[in-house]
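This report describes the structure shown below, element by element. Please keep the sequence and the 3D view at hand while reading.

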Amino acid sequence: MTRILPRVRPWLPSAKRGGDSRIRVLGGAESAALRALLDSDPAANIFTRSQLERGNAPQGAYSNVVGIEGEQGLESACWIGANIAPTAMSEDHARAYAEYALRSRQRFASVFGPAQAVMAMHQVMAAGPQPIFDVRPNQPLMSLRESPRGERLPLRRAGLQDYDRVLPASAKMFEEELGYSPLQSGGGYYRSRVRQLIQDGHTLIDLDQRGKIIFKADLGTVTRGVAQIQGVWIDPAHRGYGLAAGYMASVVDYALTLVPEVTLYVNDYNEPALRSYQRVGFEHVGTFATILF
């Protein structure tokens, strides 16, 4: 999950830099070309594709899709908002987009996507005015298109009556992953995000006899073709009993009723999670990286 900023804030560079004339904001006329570029790798490009489907692109107040065109048409694109998500780009393009992002006078929460592009961006953004909180250079991107293997453990969709249970579990997952609470300073955006996932039917839970959450997971990003699992959390009291694979199989079963492909990405050092996902049948289809500010 990406770090959340309450609002974009300006920074003043110490010196002006020349712009890369190849990069320009994409408009409605480029929508078809942009969709074709994104659909060349639906699993890797799910974030930006979801923004198009939700009507948040090509451009908005602080979130723009920019691109570089060549002789054959649109060659690469990049979502630049509170988060940065690269699409189909070489290392040369990645560095150019990073320079462009720094000139945008925004602060960023994260950069995430295909590792080669993200790490090339890191070379530029590490010298920028905003301190980098963490870099995760090797995050296996995993995919499953068929019925998962193994047993199923029961899950149900959370309803709004479960919000007061889901919010603390979601916040604990976030804090375990990133080291700070998303509810700091009220956490208005995060609270709205949790509520929206529940309203969309994209949060799955299992409760113990006391009504406390044992397991939760979200379909955090969903397009017409792909769903990405995020926010996976098991209550610490229930860890170490081999439950994750059974719960994940049930999450995948549900996701496959909505889309033909289910994906997730995970930190390479999280070996228990990797083993659980592999037991279910997820296959390694790429490598992501994440920069956190």
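Gln 228 counts as buried because its relative accessibility is 4%, and the cut-off for buried is under 20%. The model is a predicted one. Gln 228 is a residue of strand 10. Its side chain is joined to that of Gln 230 by a polar contact of 2.8 Å.

In what order do the strands of the open sheet lie? The order is 1-2-3-4-5-12-6-11-10-9-8-7, for twelve strands with mixed pairing. Strand 1 and strand 7 (156–157) are the edge strands, each pairing on one side only.

Strand 12 (residues 283–292) runs antiparallel to strand 5 (residues 110–114), and five bridges join the two. Within this part of the sheet, Pro 114 stands opposite Phe 288 of strand 12. Strand 12 also pairs with strand 6 (residues 134–144), again in the antiparallel sense, over eight bridges. Leu 141 stands opposite Gly 286 in strand 12, and Ser 143 has Glu 283 of strand 12 as its bridge partner.

Asn 83 belongs to strand 4 (residues 83–87). With a relative accessible area of 13%, Asn 83 is buried. The side chains of Asn 83 and Ser 110 make a polar contact of 2.8 Å.

How far apart in space are the C-alpha atoms of Asn 83 and Val 111, which are 28 residues apart in sequence? The distance between these C-alpha atoms is 5.8 Å.

Helix 3 covers residues 91–103. Its 13 residues, at 1.5 Å a residue, should span 18 Å, and the end C-alpha atoms are 19 Å apart, so the two values agree. The buried residues of helix 3 are His 93, Ala 94, Ala 96, Tyr 97, Ala 98, Ala 101 and Leu 102. These buried residues pack against strand 1 (23–25), strand 2 (64–70), strand 3 (73–80), strand 4 and helix 4 (115–125).

In helix 4, the buried residues include Ala 115, Ala 117, Val 118, Ala 120, Met 121, Val 124 and Met 125. The buried residues of helix 4 pack against helix 3 and against strands on the list that includes strand 3, strand 4, strand 5, strand 6 and strand 12.

## Two loop residues with positive phi

Most residues other than glycine have a negative phi. Ala 88 is not a glycine, yet it has a positive phi of about 50°. Ala 88 sits in the loop between strand 4 and helix 3. At 38% relative accessibility, Ala 88 counts as partly exposed.

Arg 105 also takes a positive phi, near 65°, in a residue other than glycine. Is Arg 105 buried or partly exposed? Arg 105 is partly exposed, with a relative accessible area of 43%.

## An arginine in helix 2

Arg 49 lies in helix 2 (residues 46–53). Arg 49 is buried because its relative accessible area is 13%, under the 20% cut-off. Not counting residues up to four places away in sequence, Arg 49 touches Arg 35, Leu 38, Asp 39, Thr 223 and Arg 224.

## The second largest pocket

The volume of the second largest pocket is about 970 Å³. Which of its 35 lining residues are closest to the centre of this pocket? They are Val 232, Val 266, Asn 270, Ala 273 and Tyr 277.

Several elements give two or more residues to the lining of the second largest pocket. The strands that do so are strand 6, strand 10 (226–234), strand 11 (261–265) and strand 12. The helices that do so are helix 5 (163–178), helix 7 (244–255) and helix 8 (271–280).

How values were computed: Residues are numbered from 1 along each chain as its sequence is written. This is a predicted model: local features need pLDDT of at least 70, side-chain atom pairs count only at pLDDT 80 or more; totals for chains, interfaces and linings use all residues. Side-chain values use heavy atoms; hydrogens and water are left out. Helices (H or I, at least four residues) and strands (E, at least two) are DSSP runs, numbered from the N terminus. Buried means under 20% relative accessible area, exposed over 50%, partly exposed in between (1.4 Å probe, protein chains only). A polar contact is a pair of N or O atoms within 3.5 Å; within protein, one must be able to donate a hydrogen and the other to accept it, and residues adjacent in sequence count only if both atoms are side-chain atoms. Two strands pair if DSSP finds at least two bridges between them. The expected span of a helix is 1.5 Å times one less than its number of residues. Contact means heavy atoms within 4.5 Å. On a 1 Å grid over the protein atoms alone, a cavity is a set of points where a 1.4 Å probe fits but cannot get out, and a pocket is an open set with protein on both sides within 12 Å along at least five of seven lines; lining residues have an atom within 4 Å of a point. Grid points are joined across faces, edges and corners, and a volume is the space filled by probe spheres set on the points.
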